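Here's a quick briefing to read alongside the structure. Have the viewer open and follow along by topic.

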Amino acid sequence: MELLIVRDRRIDYDGSAIQSHWAYRNFGLLGNSLVIFRGKCDVKVEEMIDIEDLRQSKEIKSDDMVHYIIEVFDLVNTLFASTLQKLFIAKLCEVLGEYGVKTERKGDDIYVNGKKLSISIATVSPVSVKIHIGINVEARGIPEGVDAIGLKELGISDIDGFMEKTGEALVAEFNKVKKDSLKVRWAQ
């Protein structure tokens with residue numbers, strides 16, 4: 001899996017990055033990839049993937065997030081997409097633990113002291129699995145009624161360092177899983 005961390009500019013997430021080949025179209029990354037960037041989040045209704053959110057007319061927005069856009073071409077399957085999403089969320093919880101942050105994973109979201117730190121969605125296209133994970137840098141611009149928290153409120157101020165550390169951890173986890181799947185033989 002190829003990792004790209006965009007540090008030189010902000011990119012706002014509007015939901016369109018969940019389309020297949022987004023990393024290839026925008027950065028020339030062909031194949032399995034993880035692109036990490038920082039920017040606002042404001043998912044428009046026409047870009048919403050989660051039907052439950054659509055039915056409840058939920059707003060998905062934040063003034064400042066770290067965004068993870070993952071694309072995997074190995075197995076296009078909704079169960080695999082959801083499983084990979086939860087693996088990555090668990091890995092992010094593990095890395096946050098290294099910062100001394102006690103997290104709780106509820107489904108595919110990360111909570112700290114009962115406050116929501118992340119958003120996430122996993123889906124499939126005809127050619128790939130797509131995952132978006134967003135982690136609040138600060139809990140500003142959050143929809144009314146959502147009790148949220150951000151990295152800065154947790155004492156994590158080196159956001160570039162956090163992006164680097166988490167990106168490397170996610171890629172290493174994916175590569176380990178892939179390697180482990182290749183080194184076993186069929187049961188007879």
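His21 sits in the loop between strand 1 (2–5) and helix 1 (22–27), where helices (H or I, at least four residues) and strands (E, at least two) are DSSP runs, numbered from the N terminus. This is a predicted model, so local features need pLDDT of at least 70 and side-chain atom pairs count only at pLDDT 80 or more, while totals for chains, interfaces and linings use all residues. Residues are numbered from 1 along each chain as its sequence is written, and side-chain values use heavy atoms, with hydrogens and water left out.

- His21 is not a glycine, yet has a positive phi of about 65°.
- His21 counts as partly exposed because its relative accessibility is 27%; for these labels, buried means under 20% relative accessible area, exposed over 50%, and partly exposed in between (1.4 Å probe, protein chains only).
- Asn113 is another non-glycine with a positive phi, this time about 50°.
- Asn113 is in the loop between strand 5 and strand 6 (115–116), and it counts as exposed because its relative accessibility is 70%.

**The nonpolar cores**

- The largest nonpolar core has 34 residues; such a core is a set of buried Ala, Val, Leu, Ile, Met, Phe, Trp, Tyr and Cys residues joined through side-chain atoms within 4.5 Å.
- Which residues have the most contacts inside this core? They are Tyr68, Ile70, Phe88, Leu117, Ile133 and Leu151.
- Two or more residues each come from strand 2 (33–42), strand 3 (61–72), helix 3 (78–98), strand 5 (109–112), strand 8 (129–136) and helix 4 (159–182).
- Helix 3 gives the largest share of this core, seven residues.
- There's also a second, separate core of 18 residues, which includes Trp22, Val35, Val43 and Ile119.
- Leaving aside neighbours within four places in sequence, Leu117 is in contact (heavy atoms within 4.5 Å) with residues including Leu96, Ile110, Val112, Ile135, Ile149, Leu151 and Leu154.

**Helix 3 against helix 4**

- Two packed helices are described by the angle between their axes and the distance between the axes.
- The axes of helix 3 and helix 4 come within 10 Å and cross at roughly 135°; axes are lines fitted to C-alpha atoms, for helices over the stretch in contact, and angles run from 0 to 180 degrees between N-to-C directions.
- That makes helix 3 oblique to helix 4, given that angles under 35 degrees count as roughly parallel, over 145 as roughly antiparallel, 65 to 115 as roughly perpendicular and the rest as oblique.
- The crossing of helix 3 and helix 4 is right-handed; a crossing is left-handed if the near helix is turned anticlockwise from the far one by less than a right angle, and right-handed if clockwise.
- On the helix 3 side, the contact includes Leu84, Phe88, Lys91 and Leu92, and on the helix 4 side it includes Phe162, Lys165, Ala169 and Phe174.
- The residues of this contact divide into 11 nonpolar, one polar and four charged; Ala, Val, Leu, Ile, Met, Phe, Trp, Tyr, Cys and Pro count as nonpolar, Asp, Glu, Lys and Arg as charged, and the others, Gly among them, as polar.

- Asn32 lies in the loop between helix 1 and strand 2, and counts as buried at 14% relative accessibility.
- Skipping residues up to four places away in sequence, Asn32 touches Met1, Glu2, Glu71, Val72, Phe73, Asp74, Phe174 and Lys178.
- The C-alpha atoms of Asn32 and Asn136 are separated by 25 Å, and the two are 104 residues apart along the chain.
- Ser33 is in strand 2 and is buried, with a relative accessible area of 1%.
- Among the residues that Ser33 touches, again not counting those up to four places away, are Met1, Glu2, Ala23 and Ile70.

- Beyond neighbours within four places in sequence, the contacts of Val129 include Ile70, Val72, Phe80 and Thr123.
- Ser16 lies in the loop between strand 1 and helix 1 and is partly exposed at 22% relative accessible area.
- Val129 and Ser16 are 113 residues apart in sequence and 14 Å apart in space, C-alpha to C-alpha.
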